[in-house]
Amino acid sequence: MSELDGVPKPEELLKIDYQPPRKGWMDTPVNFKPGTYNYPAASKNHKILELPFPREWSPMEEDWKLPENWKEIVVNGIAERLSKYRSFKVFMDICVRCGACADKCHFFLGSGDPKNMPVLRAELLRSIYRKEFTAAGKVLGKLAGGRELTPTVIKEWFYYFYQCTECRRCSVFCPYGIDTAEITMIGRELLYLLGLGINWALEPAAKCFMTGNHLGVYPHTLKDTLEFFADDIEDITGVRVEIPLNKKGADILFVTPSGDYFADPGTFTCMGYLILFHELGLNYTWSTYASEGGNFGLFTSHEMIKRLNAKIYAEAKRLGVKWILGGECGHMWRVIHQYMDTMNGPADFLQEPVSPITGTKFENAKSTKMVHIMEFTADLIKHNKLKLDPSRNDKLKVTFHDSCNPARAMGIFEEPRYVIRNVCKEFYDMPENTIKEKTFCCAGGAGLGNDENMEMRLRGGLPRGNAVKYVQEKHGVNRLACMCAIDRATLVPLCDYWAPGVQVTGIHEMVANALVLKGEKERETDLRGEPLKELEE
Amino acid sequence: MPIITYKNLKVQVDDEGYLVNFEDWNEDVACAIAEREGISHECPLAQEKIDILRFMREYYKKHNSFPLLRAVCKNLHQPKNCTYEQFPDPIKAWKIAGLPKPTTEVFAYIRHNS
């Protein structure tokens, strides 16, 4: 197990106090406890992204060095967003505080802090909206749920809008369908107007503009890395795969998160893509410019979403591909499926995606021209285009974590399960209220996957960890499959902590293990280089 | 910025202990940082460790980024988890190799992956 500096042991963390404080929430000040908040963004990253008021500051200090007219900036910022986003106005007005969302948030369940109830997290902003923008709030103040905008409110926003992973589980249960993630997003945008951001969200966004991807991998490094994978694949399968890079006139542009080619276990899934595309003889290409599927704009501002997303489509146009295939990423799919079309679309310079192997038209991607690899692969299996030997995954007992965004923003539930069931024999779903649209978050998405926030991540990871532990104890599950690069980084410490012994995998790693290639040699190991039959201790 | 002294050596590190000048590094500096990080009190460091550090430095010179850890071990003909085995945390290895602090996302992908 990895060393988790300063995090209490699980038995300690489980002593969760659900007793609310004696005073009302407006009178309970925020307490920045180490391990539960995120470090501010370095001023250099603010500058690279041309965000206002770059400076060095610390949440632990009394003075956050706010600009002189900070109050005016925030109130104007709210006004601008109320006029721009009808949804925001509705979400501010419509909540009746019924409490249906209260116990649906993983951060509330794991911390017991009432301000992590989605309703109360939204109230942090709604109270200012009432005071500044409604007649009742202006006149009656606190009686009408309004409160003064003070620096303490800003501190509270910074703490709690970065204790929300924008996973949208609460929205599933809201009778009005209030999308609390969008409230968090607006809250974060307002903070950025004051130069208050977190480094784990801004640094990857800045790197994306400078090198093409979040992890700062340069074009020649990406080439070297993919060639290293090709060598490894040849050692394991005896088959040499090609690495098409920046190939003009390819049919398909393939885009995946940089985590997939940066660190294990994502790298095994990346090898899986290479193997699958080779076997299909797909005319596709990687790009060193659009070498990032993820979009940390989603955790920063609407404008940043648009700027980062535009790179993928600019590259598709430059290379002259027909359509785009996207890898196993999470939040990338919320951007593609719910924002792209109105921000940068319609992508009418591309063609409606058709699988060159099966002829299937992906009607759902008619407008964005971007297909999820799980739909692509499930379609291949359905049409019997892959020769699969699931016994090569016999040592695995698998469960599947629905990543929040593909699940709740796309409704992609059955395709991954269909693929998994076809490539391995033992698959066990976690309990019904913890999967599919009710899936519990990894607690490290939306920019929160950093080490300084580890206690809060593990608290928020408790509901997911608990469900993994359940199938581990009941069915002997030893692999947690997921189709998201952030998950492949954050679920590793989560499992080590809450369900030790369960390893994390991407789905195309398992696909490629089972896939019988033309001309392959007898496989002795899986893509991890481990014997096919038994899990290494 | 702090200066660390070791035997008759003096080198500058940043507030978190990362070497400031790439060119200041040698095997004695590695010993000094390793001792400071509580990884090793031996000097010189074991050859396997030195090989990893030198590989990381070469990689950094060429790519300006954190290496694919499997590639480090494969190239050096060491066991596939060599960086975790030799330095429980590969980011410590990076630091002992005299390289600048990696980005926060690199930490998230690397630190907990043994």
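Mentor: Let's start with a definition: a residue is buried under 20% relative accessible area, exposed over 50%, and partly exposed in between (1.4 Å probe, protein chains only). This is a predicted model: local features need pLDDT of at least 70 and side-chain atom pairs count only at pLDDT 80 or more, while totals for chains, interfaces and linings use all residues. Residues are numbered from 1 along each chain as its sequence is written, chains are lettered from A and ligands numbered from 1 in the order written, and side-chain values use heavy atoms, leaving out hydrogens and water.

Trainee: Okay, why is R81(A) called buried?

Mentor: Its relative accessible area is 7%, and buried means under 20%, so R81(A) qualifies.

Trainee: What makes E80(A) and R81(A) a salt bridge?

Mentor: The rule asks for a side-chain nitrogen of Lys or Arg within 4 Å of a carboxyl oxygen of Asp or Glu. Here the closest N and O atoms are 3.9 Å apart, so the pair passes. E80(A) itself is partly exposed, at 41%. Over all chains, the rule gives 53 salt bridges.

Trainee: And what does the salt bridge between K425(A) and D394(A) tie together?

Mentor: First the distance: the closest N and O atoms of K425(A) and D394(A) are 3.3 Å apart. K425(A) is in the loop between α18 and α19 of chain A and D394(A) in the loop between α16 and β5, so the bridge ties together parts that are 31 residues apart in sequence. Those element names come from DSSP runs: helices are H or I with at least four residues, strands are E with at least two, numbered from the N terminus. K425(A) is exposed at 56%, whereas D394(A), at 34%, is partly exposed.

Trainee: How do you know how far apart E58(B) and K61(B) are along their helix?

Mentor: They are three residues apart in helix α2 (residues 47-63) of chain B, which means a separation of about one helical turn. In general, an α-helix has 3.6 residues a turn, so residues three or four places apart point the same way. The two form a salt bridge, with the closest N and O atoms 3.8 Å apart, and K61(B) is exposed at 57%. There is also a network of salt bridges with shared partners, joining D232(A), D235(A), D264(A), R70(B) and K74(B).

Trainee: How do you know whether the span of helix α20 of chain A agrees with expectation?

Mentor: The expected span is 1.5 Å times one less than the number of residues. For the 14 residues of α20 (residues 462-475) that should be 20 Å, and the end C-alpha atoms are 20 Å apart, so they agree. After α20(A) comes G476(A), with a positive phi near 75°.

Trainee: What makes helix α22 of chain A mostly covered?

Mentor: Eight of its eight residues (507-514) are buried. Their cover includes α13 (266-280), α16 (373-382), β5, α18 (414-423), β6 and β7 (503-506) of chain A.

Trainee: Last one: R168(A) has a positive phi, but is R168(A) buried or exposed?

Mentor: Phi of R168(A) is near 75°, positive in a residue other than glycine. Its relative accessible area is 14%, under the 20% limit, so R168(A) is buried. F53(A) likewise has a positive phi, near 50°, but at 37% F53(A) counts as partly exposed.

Key: Contact means heavy atoms within 4.5 Å.
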